[in-house]
Amino acid sequence: MMSSTLIQDELVPAFLILAEASLGLGHVAQGEEYLSQAQWIVLKNASCSSAIQSKLHRNLGLLHAARGNFEDALYHLANDVYNACCAFRTNGIAASGGYFHMANIFFHQKRMDVAHSLFAEVVDIWHKHFSRLIDTQFQTLTIPPEVDVLSEEVEPTEETLDEGQRTEASQVLSAILDIREQAARPQLDKIAKVLHTLAMLHYLCQNIPKAHELGLKVLQMTEELPKQEPDASLQRLMQLIKTRPSVPK
């Protein structure tokens, strides 16, 4: 007989993957069936992790959104964000998807102030995360070798983005960029921040030419903004890009 822990750790993630795939293909009824099985297992196991509950609530939120039940969708997406924050306190990007889907619902409902506030939160989360990764690489680049060898401090480990994180970041940031650019009154500072975040993403994904292109665009936009100077993370990014052989010096 399978233990409750084994059921929780293996069956629930499998049902959630099947549900997500079904919903993505527009097979709402099939997705609902998988989610019902996952939800039943979670309800029967009080020790279910916050990470799994986060994924369950996100998929339930997307299911209700697909059916037009927006209040129920917002309820589950709020629980997604809560559980993601409980599971990954130091990793804000885990909650970004929940915020993004909530923003899309508010945008659909024409509740623009709330929608744009949540879109801004998503951009802030990824911007801070990428800036930290860029800063770590920049420090590695600028620390003299002799200092690095003699230092007794533990060197920072270089974080990477997994495929799921890269895909999610690219999709949500590109969607937000489209919304920002198509607004009745585009705000250059907000567009520039999304472009900066995307530039960092492309750099971290080794797409250096695209990172360079977007970085230059952000610098140009910054010059058009009153009393606005490039922030430190953008300057570090451009310096890192210049060290790559694919970019003209």
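Trainee: At what angle do α4 and α5 pack, and how far apart are their axes?
Mentor: In this predicted model, the two helices pack at about 160 degrees, and their axes are 8 Å apart. Because angles over 145 degrees count as roughly antiparallel, α4 is roughly antiparallel to α5.

Trainee: And is the crossing left-handed or right-handed?
Mentor: Left-handed, as α4 passes α5.

Trainee: Which residues meet there?
Mentor: From α4, the residues include Phe70, Leu74, Leu77, Val81 and Cys85. On the α5 side, they include Gly98, Tyr99, Met102, Ile105 and Phe106.

Trainee: Okay, switching to the core. How many residues does the largest nonpolar one have?
Mentor: That core has 51 residues, and those with the most contacts inside it are Trp126, Phe130, Leu173, Tyr203 and Leu237. Helices that each supply at least two of its residues include α4, α5, α6 and α8, along with α9, α10 and α11.

Trainee: Which helix gives the largest share?
Mentor: That would be α6, with eleven residues. Another core, of 15 residues, lies apart from this one, and Tyr34, Ala38, Val42 and Cys48 are among its members.

Trainee: Back to Trp126 and Phe130. Where do they sit relative to each other?
Mentor: Both are in helix α6, four residues apart, which is about one turn of the helix.

Trainee: Are they buried or exposed?
Mentor: Trp126 has a relative accessible area of 0%, and Phe130 also comes out at 0%. Buried means under 20%, so Trp126 counts as buried, and so does Phe130.

Trainee: What does Phe130 touch, beyond its close sequence neighbours?
Mentor: Leaving out residues up to four places away in sequence, Phe130 touches Leu161, Ala169, Leu173, Thr197, Met200, Leu201 and Leu204.

Trainee: How many aromatic pairs are there in the whole structure?
Mentor: A search finds four. Trp126 and Phe130 make a tilted one, with 5.4 Å centre to centre and 35 degrees between the planes.

Trainee: Which residues form an aromatic cluster?
Mentor: Phe100, Phe107 and Phe119 form one.

Trainee: Last one: what about Ala14, where is that?
Mentor: Ala14 is in helix α1, which covers residues 4-24. This alanine is partly exposed, at 33% relative accessible area. Its C-alpha atom is separated by 9.1 Å from that of Tyr34, 20 residues apart along the chain. You've met Tyr34 already, as one of the residues in the 15-residue core.

Methods
Residues are numbered from 1 along each chain as its sequence is written. This is a predicted model: local features need pLDDT of at least 70, side-chain atom pairs count only at pLDDT 80 or more; totals for chains, interfaces and linings use all residues. Side-chain values use heavy atoms; hydrogens and water are left out. Buried means under 20% relative accessible area, exposed over 50%, partly exposed in between (1.4 Å probe, protein chains only). A nonpolar core is a set of buried Ala, Val, Leu, Ile, Met, Phe, Trp, Tyr and Cys residues joined through side-chain atoms within 4.5 Å. Contact means heavy atoms within 4.5 Å. Rings of Phe, Tyr and Trp (its six-membered ring) pair if their centres lie within 6.5 Å; planes under 30 degrees apart count as stacked, over 60 as edge-to-face and the rest as tilted. Axes are lines fitted to C-alpha atoms, for helices over the stretch in contact, and angles run from 0 to 180 degrees between N-to-C directions. Angles under 35 degrees count as roughly parallel, over 145 as roughly antiparallel, 65 to 115 as roughly perpendicular and the rest as oblique. A crossing is left-handed if the near helix is turned anticlockwise from the far one by less than a right angle, and right-handed if clockwise.
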